[in-house]
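Q: Please examine one part of this structure closely and describe how it is built into its surroundings.
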Amino acid sequence: MDQQLPEPSFQILVSTFATQAAVALGQMPNPVTNEASEDLEQAKFAIDTLTILEEKTKGNLTEEEAKFLADLLYQLRMVYISKTAQ
């Protein structure tokens, strides 16, 4: 069975880290266990990695790519802050 993979893109790269963060924040079930659980250290790592990506690509992204990354980072940071402030 041949699986068609999407064309590699900046959005897919960013989405990969965002998905890891969402799983670690308990927002999505872990694809291995099919259960939701939190690992805030792992979530922070994924968010920090996206932050580095944002800093290192500043000025080299299209407006759409920069907005996509900024919006995802904002959402992930807000969830992380709400979970660590408890």
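A: The model is predicted, so local features need pLDDT of at least 70 and side-chain atom pairs count only at pLDDT 80 or more, while totals for chains, interfaces and linings use all residues. Residues are numbered from 1 along each chain as its sequence is written, and side-chain values use heavy atoms, with hydrogens and water left out.

Buried residues in α3 (under 20% relative accessible area, with exposed over 50%, 1.4 Å probe, protein chains only) are E65, L69, L72, L73, L76 and V79. Seen down the axis of α3, they fall within an arc of 135° and so line one face of the helix; the arc is that of the directions from the helix axis to the C-beta atoms. The face turned away from this buried side carries the exposed residues E63, E64, K67 and Y74.

The buried residues of α3 pack against α1 and α2 (40-57), where contact means heavy atoms within 4.5 Å. On the α1 side, F10, Q11, V14, S15, A18, A21 and A22 meet E64, E65, F68, L69, L72 and L76 of α3.

Terms used
Helices (H or I, at least four residues) and strands (E, at least two) are DSSP runs, numbered from the N terminus.
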